[in-house]
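Biologist: Could you take me on a close look at one enclosed space in this model, and then at what surrounds the other spaces in it?

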Amino acid sequence: MRCTVLASGSKGNSVVIAGSSGALLIDAGLSTKELLLRMDAAGIDPGTIDAVLVTHEHGDHVRGLDVLLRRLNRPVYATGGTLADFLNHRRTSDKPIVHHTCRCGERFSTGGFLIEPFATSHDAAEPCGYIVSEDSCRIGYCTDTGIMTPAMLGLLRNCDGIILESNHCPDMLAKGPYPESLKRRIRSKHGHLSNPAAAACLQAFGRDVPQVILAHLSEINNTPEKALGTAREGLGLFFEESRVTVATQCGSTPGSPQEIRL
């Protein structure tokens with residue numbers, strides 16, 4: 001399996017997980033044109049995508065979804081709350097699309113993948129993360145959550161690679177330009193995971209998760225250097241440069257790959 005970041009951050013999020021017989025797209029937070037350009041640059045054939053998984057309905061995760069689904073003629077999977085909000089309020093066309101409701105804790109299959117949605121904690125209708133498996137390989141995708149529960153940690157600990165939110169540096173957020181109401185939202189249990197919170201997760205995993213991509217970094221309240229430095233402190237003796245990658249808004253490029261390879 002290979003997981004490639006197409007974009008990560010407040011301006012748009014999307015990753016592709018490719019397996020032996022097909023691929024999945026998780027989130028479509030850029031325009032369809034831009035997503036297709038980035039897939040091409042990463043050597044990903046859009047025709048191999050079996051389905052699109054959506055974590056929640058915020059614009060930086062669904063901006064290009066409606067057009068992309070119709071362009072690729074592929075189904076979308078999301079929780080009932082996410083689908084209801086997207087279908088009723090965020091679609092850009094009334095042309096039919098194929099959509100399926102998934103439920104947290106209930107596994108389902110599409111293409112050659114087994115997928116397990118799990119609940120996250122974010123100010124959205126019914127947000128979730130995903131564990132994607134093919135044969136014995138497991139990749140976890142967990143962003144846009146204000147807290148990590150023991151159940152979430154248990155699922156992610158059993159993955160061979162994870163995409164984990166490391167959204168903000170608490171000091172930068174406190175001293176930054178955002179209004180206090182927005183700062184409280186980001187810090188809340190329905191907000192975003194901070195660098196120290198992400199590092200605490202990695203410390204709990206120890207050696208158990210071989211590959212990690214730190215994702216959804218704030219361009220205002222974080223830097224790749226701060227996120228990576230805090231992760232290094234959390235992992236301690238378990239830290240290896242090749243083990244932890246920081247995802248960026250521009251996504252994976254030939255000179256700076258942002259990938260998990262299993």
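Biologist: Which element gives the most to the lining of the second largest cavity, and with how many residues?

Modeller: Happy to! E8 gives the most, with three residues. This is a predicted model, in which local features need pLDDT of at least 70 and side-chain atom pairs count only at pLDDT 80 or more, while totals for chains, interfaces and linings use all residues. Residues are numbered from 1 along each chain as its sequence is written, and side-chain values use heavy atoms, with hydrogens and water left out.

Strand E8 (113-119) and strand E9 (128-134) each supply at least two of the lining residues (strands are DSSP runs of E, at least two residues; helices are runs of H or I, at least four). The lining consists of Arg-107, Leu-114, Ile-115, Glu-116, Ile-131, Ser-133 and Arg-138, which divide into three nonpolar, one polar and three charged. The space itself has a volume of about 30 Å³. A cavity here is a set of points on a 1 Å grid where a 1.4 Å probe fits but cannot get out, and lining residues have an atom within 4 Å of a point.

Ile-131 is one of the residues in contact with Leu-156 (heavy atoms within 4.5 Å), and the others include Phe-118, Cys-142, Met-148, Ile-162 and Phe-205. Leu-156 also belongs to the largest nonpolar core, a set of 26 residues in which Met-148, Leu-156, Ile-162, Leu-164, Leu-202 and Leu-214 touch the most other members. Members of such a core are buried and joined through side-chain atoms within 4.5 Å. Two or more core residues come from each of H5, strand E11 (161-165), H8, strand E12 (211-215), helix H9 (224-235) and strand E13 (244-246). In soluble globular proteins, nonpolar side chains tend to be buried together.

The largest cavity holds about 40 Å³, and its lining has seven nonpolar, three polar and no charged residues. Val-5, Ala-7, Ser-8, Asn-13 and Thr-143 are among the residues that line the largest cavity.

Thr-143 sits in the loop between strand E10 (137-142) and helix H5 (150-157). With a relative accessible area of 3%, Thr-143 is buried (under 20%; exposed is over 50%, and partly exposed in between). The side chain of Thr-143 makes a polar contact with that of Asp-144 at 2.8 Å (N or O atoms within 3.5 Å, one able to donate a hydrogen and the other to accept it). The side chain of His-216 makes a polar contact with the side chain of Asp-144 as well, at 3.3 Å.

His-216, in the loop between E12 and H9, is likewise buried at 3% relative accessibility. Not counting residues up to four places away in sequence, His-216 touches Ser-8, Asn-13 and Thr-143, among others.

His-216 also brings us to the largest pocket, where Ser-10, Asn-167, Arg-185, His-192 and His-216 are the closest to the centre of the 16 lining residues. A pocket is an open set of points with protein on both sides within 12 Å along at least five of seven lines. The largest pocket has a volume of about 200 Å³, and helix H7 (residues 180-187) gives the largest share of the lining, three residues. By class, that lining has three nonpolar, nine polar and four charged residues.

Terms used:
Grid points are joined across faces, edges and corners, and a volume is the space filled by probe spheres set on the points. Ala, Val, Leu, Ile, Met, Phe, Trp, Tyr, Cys and Pro count as nonpolar, Asp, Glu, Lys and Arg as charged, and the others, Gly among them, as polar. Buried means under 20% relative accessible area, exposed over 50%, partly exposed in between (1.4 Å probe, protein chains only).
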